[in-house]
Amino acid sequence: MSSPLPLPQQFLSGAPLGTRVVVRYRIDGGLTDALGELVERGDGVCTVRTRRSDVVIALPLVVAAKEVPPPPPRRTPRVQGP
């Protein structure tokens, strides 16, 4: 029998900084996700660096979190012919 998965807060508290994560958390009116690099942890919060900005998330609002693989490499632009 496998051991139970850690609570999302436990995962975020123990994951090494620099880990690429996706975090689902509560906001007014529903839920949202932050996808990026875990860059900081503090008193009851974590910071995820997304493509747009750093997102500070209160751990009690987190409903799910997991490590995700690195983003795929950017495709090189196609060269247009004459």
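Lys and Arg count as positive and Asp and Glu as negative, while His and the chain ends are not counted. The place of a charge is taken as NZ of Lys, CZ of Arg, CG of Asp or CD of Glu.

The model is predicted: local features need pLDDT of at least 70, side-chain atom pairs count only at pLDDT 80 or more, and totals for chains, interfaces and linings use all residues. Residues are numbered from 1 along each chain as its sequence is written, and side-chain values use heavy atoms, with hydrogens and water left out.

**Exercise 1. Charges and surface**

Task: State how many positive and negative side chains the protein chain has, and how far apart the centres of the two sets lie.

Solution. Step 1: the protein chain carries 11 positive side chains and 7 negative ones. Step 2: the centres of these two sets are 13 Å apart. Step 3: for the surface, the chain exposes about 6,500 Å², and carbon and sulfur atoms supply 54% of that area. Accessible areas come from the Shrake-Rupley method with a 1.4 Å probe, and for residues only the protein chains shown count as cover.

**Exercise 2. Elements and overall form**

Solution. Step 1: helices (H or I, at least four residues) and strands (E, at least two) are DSSP runs, numbered from the N terminus. Step 4: along the principal axes, the C-alpha atoms fill a box of roughly 55 × 40 × 25 Å.

**Exercise 3. Strand pairing**

Task: Trace which strands pair with β1, then follow the pairing from β2 to β3 and from β3 to β4.

Solution. Step 1: two strands pair if DSSP finds at least two bridges between them. Step 2: β1 (residues 20–27) and β2 (residues 30–42) are antiparallel, with eight bridges. Arg20 stands opposite Glu37 in β2, and Ile27 has Gly30 as its bridge partner. The hairpin of β1 and β2 has two residues between the strands, and Gly29 takes a positive phi near 90° there. Step 3: β1 also runs antiparallel to β5, through five bridges, with Val21 opposite Glu67. Step 4: five bridges join β2 to β3 (residues 45–49), again antiparallel, and Leu38 stands opposite Val48. Two residues lie between β2 and β3 in their hairpin, where Gly44 in the turn has a positive phi of about 75°. Step 5: β3 and β4 are antiparallel with five bridges; Val45 stands opposite Ala58, and a hairpin of four residues joins the two strands.

**Exercise 4. Buried or exposed?**

Task: Decide whether Val48, Arg24 and Pro60 are buried, partly exposed or exposed.

Solution. Step 1: buried means under 20% relative accessible area, exposed over 50%, and partly exposed in between (1.4 Å probe, protein chains only). Of the 82 residues, 26% count as buried. Step 2: Val48, in strand β3, is buried because its relative accessible area is 0%. Leaving aside neighbours within four places in sequence, its contacts (heavy atoms within 4.5 Å) include Val21, Val23, Leu35 and Ile57. Step 3: Arg24, in strand β1, is partly exposed because its relative accessibility is 38%. Beyond neighbours within four places, Arg24 touches residues including Leu31, Asp33 and Val62. Step 4: Pro60, in the loop between β4 (54–58) and β5 (62–67), is exposed because its relative accessible area is 60%.

**Exercise 5. The faces of β4**

Task: Sort the residues of β4 into a covered face and an uncovered face.

Solution. Step 1: in a regular strand the side chains alternate between the two faces of the sheet. Step 2: Val55 and Ile57 make up the covered face of β4. Step 3: Asp54, Val56 and Ala58 make up the uncovered face.
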